[in-house]
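Have the structure up beside you while you read.

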Amino acid sequence: MATPKRPDKTLGESLRAHGLSRRGFLKLCAATASMMALPASMVPRIAAALEQAKRPSVIWLSFQECTGCTESLTRSHAPTLENLILDMVSLDYHHTLQAASGDAAEAARMTAMEANAGEYLVVVDGSIPGPDANPGFSTVAGHSNYDILMETVEHAAAVIAVGTCAAFGGLPQAKPNPTGAMSVMDLVKDKPVINVSGCPPVPMVITGVLAHYLTFGALPELDGYGRPMAFFGQSIHDRCYRRPFYDKGLFAETFDDRGAQEGWCLYRLGCKGPTTYNACATMKWNSGTSWPIEAGHPCLGCSEPSFWDGGSFYEPVSVPLTANARTLLTAGAAGAVVGGTVAAVAKHRVKKADANRQPVTIEELEKKL
Amino acid sequence: MSDAMDFLLWTKGPMFNIAMAIFAIGLLARLVEILVLGRSTNYAEPRANEWMPGFRTVLTRTVADPGTFKRAPFNVVVGWVWHIGFLIALLLFIPHIELIKGVLGISWPGLANPVVDFFTAVTLLSLIATLVHRMTHPVKRRISTVEDYLVWTIVFLVVLTGYLAYHRLVNPYPLALGMHILCAEIFLIMLPFTKLTHIFTAFIARWYNGAAFGRKGVQS
């Protein structure tokens with residue numbers, strides 16, 4: 001069973017117990033600062049803060065999700081920065097990672113909530129069937145996702161919605177949204193909610209947010225969607241290494257043409273990089289090995305709201321979602337009928353007036369005078 | 001800002017359908033009405049054929065005659081510049097070609113983005129010049145109507161929002177792109193019911209003119 005009480009070890013002690021040297025610790029702080037786009041002068045402050053910080057209790061709730069977000073977080077290569085930072089928190093409840101199951105697991109959650117009331121962090125992955133949906137659509141230990149979420153966040157310090165499902169509804173919310181799926185920020189209004197979107201999110205972004213919280217005791221600067229600016233401040237398009245090809249007008253038009261082989265821009269193959277804000281282009285995946293566009297596939301825009309309903313993954317950003325030639329032809333035909341009718345009526349009126357014309361001669365007019 | 005993506009998807013989805021339907025219904029209604037009404041019967045015996053002179057005038061009237069150029073060089077030069085710039089941006093920008101391909105299934109080669117960008121900037125400046133000229137020239141000012149200013153505004157907004165979106169000067173980008181698409185949709189909706197219809201009717205009118213000349217046997 002997970003540790004019910006908040007651990008007393010500071011982060012510095014915890015990391016030293018893991019065999020991390022002072023030099024290694026400062027490197028970690030520098031990497032954290034650079035990852036969050038903070039100036040180098042902040043490194044000593046980060047070091048001091050992390051040295052003294054207590055490992056916060058984290059309760060990880062999994063709802064309508066595929067566990068991809070957890071996979072993303074855990075599949076990083078040990079011992080990476082991500083793992084080190086993950087070791088910094090006390091993960092008291094997590095379906096996939098905890099050893100306990102059944103009642104013991106639920107008891108761990110309740111104990112962690114009581115012991116750390118007002119201070120624990122709640123991480124959510126997966127969307128939630130809303131209060132009006134059938135509570136049986138998704139349950140944990142016989143309780144609806146909605147009830148568990150509301151009960152758990154009541155005394156939380158903050159909520160981190162990990163993955164696009166938790167942040168924006170994601171796949172479960174895609175039309176016709178059969179489970180009435182809602183995002184965390186749709187439901188949690190009285191606590192700070194930070195969205196770490198992506199399907200799945202970049203692991204460093206998840207850990208980076210936790211590191212920021214530990215360092216500053218506050219949530220980082222957020223964008224309009226509640227996402228940390230340090231990671232979601234710039235679009236894929238703006239940081240894409242293929243951007244020069246876009247600017248030059250060099251595009252791959254199929255997946256096997258010369259453009260694709262030469263690594264040209266994937267805009268015409270449906271790349272959603274221009275409308276997508278995420279850190280893939282800079283942080284990459286699999287310990288910085290590569291990322292989708294580097295692998296030759298257009299960005300799907302997985303970190304944006306409604307990405308499942310935003311049209312085909314393989315249609316360019318500028319293409320309308322449903323309009324086609326048939327819409328245009330049907331409307332044109334209707335217009336032609338309207339125009340033809342109006343013209344025919346006008347012609348008929350002229351003809352009728354012509355037929356009823358009563359000519360008047362000058363003599364007749366003069367007689368009237 | 002938080003609904004920028006919803007806004008973009010609305011402009012790309014239902015609003016695009018509405019705009020396209022109003023555009024097609026309105027334009028075809030007007031064109032068919034014009035063509036069905038035709039001209040009043042001319043009982044005079046034709047001196048020559050009217051078809052070829054009609055087409056010739058469609059071309060020759062595209063270039064202003066020396067007299068017009070001498071009287072109003074600004075109108076001719078700036079008018080040409082911004083019309084060409086607008087057409088280049090509309091028809092030769094790769095994302096626009098993809099849009100047309102997505103809707104109509106036809107496509108053609110485009111220009112490199114910096115070239116289109118240059119012409120867009122020139123178009124914007126020319127459009128501003130036309131507005132200043134319209135507001136300062138005593139005759140133009142007097143004959144300008146509300147519709148003239150309305151049409152100028154929507155054309156300018158379409159180009160301006162496109163320029164802002166391309167340079168990513170408005171954040172978040174979905175908002176910038178959505179604004180551009182919405183302006184283009186308003187342009188499409190206004191087109192059949194304002195002077196913007198000249199995009200299509202100018203050529204019909206020129207043909208009628210040329211055909212009348214041809215029929216009378218005068219130079220077209």
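1. Let's start with a cysteine. A:Cys299 is buried, its relative accessible area being 11% (buried means under 20% relative accessible area, exposed over 50%, partly exposed in between, with a 1.4 Å probe and protein chains only). A:Cys299 sits in the loop between helix 16 and helix 17 (325–355) of chain A; helices (H or I, at least four residues) and strands (E, at least two) are DSSP runs, numbered from the N terminus. Setting aside neighbours within four places in sequence, A:Cys299 has contacts that include A:Ile236, A:Cys271, A:Lys272 and A:Ile293, where contact means heavy atoms within 4.5 Å.

2. Before going further, some ground rules. This is a predicted model, in which local features need pLDDT of at least 70 and side-chain atom pairs count only at pLDDT 80 or more, while totals for chains, interfaces and linings use all residues. Residues are numbered from 1 along each chain as its sequence is written, chains are lettered from A and ligands numbered from 1 in the order in which they are written, and side-chain values use heavy atoms, with hydrogens and water left out.

3. A:Cys280 is in helix 16 (residues 280–283) of chain A and is buried, at 10% relative accessible area. Beyond its neighbours within four places in sequence, A:Cys280 touches A:Val202, A:Ile236, A:Trp285 and A:Trp291.

4. Now the sheet. Chain A has five strands in an open sheet, ordered 2-1-3-7-9, with parallel pairing (two strands pair if DSSP finds at least two bridges between them). Strand 2 (90–93) and strand 9 (193–196) of chain A each have a single partner strand, so one side of each is left without a neighbour in the sheet. Strand 1 (residues 57–62) and strand 3 (residues 121–125) of chain A pair over five bridges, and A:Ile59 has A:Val122 as its bridge partner in strand 3.

5. Next, how the chains meet. Contacts join 42 residues of chain B to 45 residues of chain A. About 3,600 Å² is buried between them, 66% of it from carbon and sulfur atoms; buried area is the accessible area (1.4 Å probe) that two parts lose on being put together, summed over both. On the chain B side, B:Lys12, B:Glu98 and B:Arg168 lose the most area to chain A, together 17% of what that side buries.

6. Which salt bridges cross this interface? There are two, a salt bridge being a side-chain nitrogen of Lys or Arg within 4 Å of a carboxyl oxygen of Asp or Glu. B:Glu98 forms one with A:Arg268, their closest N and O atoms 2.5 Å apart, and both residues are buried. A:Asp238 and B:Arg168 also meet in a salt bridge, at 3.0 Å from N to O.

7. A last pair lies within chain A. A:Glu294 and A:Lys284 form a salt bridge with their closest N and O atoms 3.0 Å apart. A:Glu294 counts as partly exposed, at 33% relative accessibility, and A:Lys284 is partly exposed too, at 24%.
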